[in-house]
Amino acid sequence: MKKFKFQLETLLKVTKRKKDDAEMKFAEASRYLEECRAQLQVLLRELKECQEEFAALTSEGKKITIGKIMIYNRFFNWKREQIEQQQQLILKATQDKQEKLKILMQIMTYLKSIEQLKEKRLNEYNAAMLFEEQKTLDEIGLQLHMRKG
């Protein structure tokens, strides 16, 4: 009895490796996106804290110099630029994550079709082996019947 051999086994292994690579790239993209979002939260918190500090400074009734106001203004503008840049990074990271997901889904679909084909071929092989085994048993049964007869 010959052993089952799937003709596309190499393709199946390569596709599984591609799927693993795609999963790693998707995970990296997801992790990077979360890091970008966390950095945005840090920037927003820093801006808020500084705005609260400035509000407290101006509400105390103390005289505040134009120089200090200009320093705070430059800082606020700089933080807003950082926030805007971070939002752009998040947008790009989101798009990259979506691309990686799309690639992963395509590979998984392709892999699933190869695995289904392998399963079909294995079922055909098992059916053929069962048929051969049944045929052999029938021949043995016929020979035993002929000898007794």
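This report walks through the overall shape of the chain and then a handful of its residues.

**The overall picture**

Keep in mind that this is a predicted model. The chain holds two helices and zero strands. Its radius of gyration comes out at 34 Å, well over the 15 Å that the globule rule gives for 149 residues, so the chain is more spread out than a compact globule. The C-alpha trace tells you about the dimensions too: along its principal axes it spans about 125 × 25 × 15 Å.

As for burial, 18% of the 149 residues count as buried. The chain exposes about 12000 Å², and 56% of that area is supplied by carbon and sulfur atoms. On the charge side, there are 30 positive and 23 negative charges, and their mean positions sit 2 Å apart.

What share of the contacts between residues at least 6 apart in sequence join residues at least 24 apart? In this chain the figure is 88%.

Helix H1 covers residues 9-59. Its 51 residues, taken at 1.5 Å a residue, should span 75 Å, and the end C-alpha atoms are 74 Å apart, which agrees. Just after H1 comes glycine 61, with a positive phi of about 90°. Helix H2 takes in residues 66-148.

Start with leucine 33, which is found in helix H1. Is leucine 33 buried or exposed? Its relative accessibility is 1%, and the cut-off for buried is under 20%, so leucine 33 counts as buried. Setting aside neighbours within four places in sequence, leucine 33 is in contact with Ile90, Ala93, Thr94 and Lys97.

One of those partners is worth a look from its own side. Alanine 93 lies in helix H2 and is buried, with a relative accessible area of 4%. Not counting residues up to four places away in sequence, alanine 93 touches Tyr32 and Leu33.

Lysine 79 is another helix H2 residue. Which residues does lysine 79 touch, not counting those up to four places away in sequence? They are Leu43, Glu46 and Leu47. Lysine 79 has a relative accessible area of 4%; since buried means under 20%, this lysine counts as buried.

Glutamate 35 lies in helix H1 and is partly exposed, at 48% relative accessible area. Glutamine 41 also has its place in helix H1.

**Sequence gap against distance in space**

Here are some pairs, with C-alpha to C-alpha distances.

| Pair | Apart in sequence | C-alpha distance |
|---|---|---|
| Leucine 33 and leucine 91 | 58 residues | 8.9 Å |
| Glutamate 35 and isoleucine 90 | 55 residues | 9.2 Å |
| Alanine 93 and glutamate 35 | 58 residues | 10.0 Å |
| Glutamine 41 and phenylalanine 131 | 90 residues | 67 Å |

For glutamine 41 and phenylalanine 131, a gap of 90 residues in sequence goes with 67 Å in space.

Notes. Residues are numbered from 1 along each chain as its sequence is written. This is a predicted model: local features need pLDDT of at least 70, side-chain atom pairs count only at pLDDT 80 or more; totals for chains, interfaces and linings use all residues. Side-chain values use heavy atoms; hydrogens and water are left out. Helices (H or I, at least four residues) and strands (E, at least two) are DSSP runs, numbered from the N terminus. Buried means under 20% relative accessible area, exposed over 50%, partly exposed in between (1.4 Å probe, protein chains only). Contact means heavy atoms within 4.5 Å. The expected span of a helix is 1.5 Å times one less than its number of residues. The radius of gyration is taken over C-alpha atoms; the globule rule is 2.2 Å times the number of residues to the power 0.38. Accessible areas come from the Shrake-Rupley method with a 1.4 Å probe; for residues, only the protein chains shown count as cover. Lys and Arg count as positive and Asp and Glu as negative; His and the chain ends are not counted. The place of a charge is taken as NZ of Lys, CZ of Arg, CG of Asp or CD of Glu.
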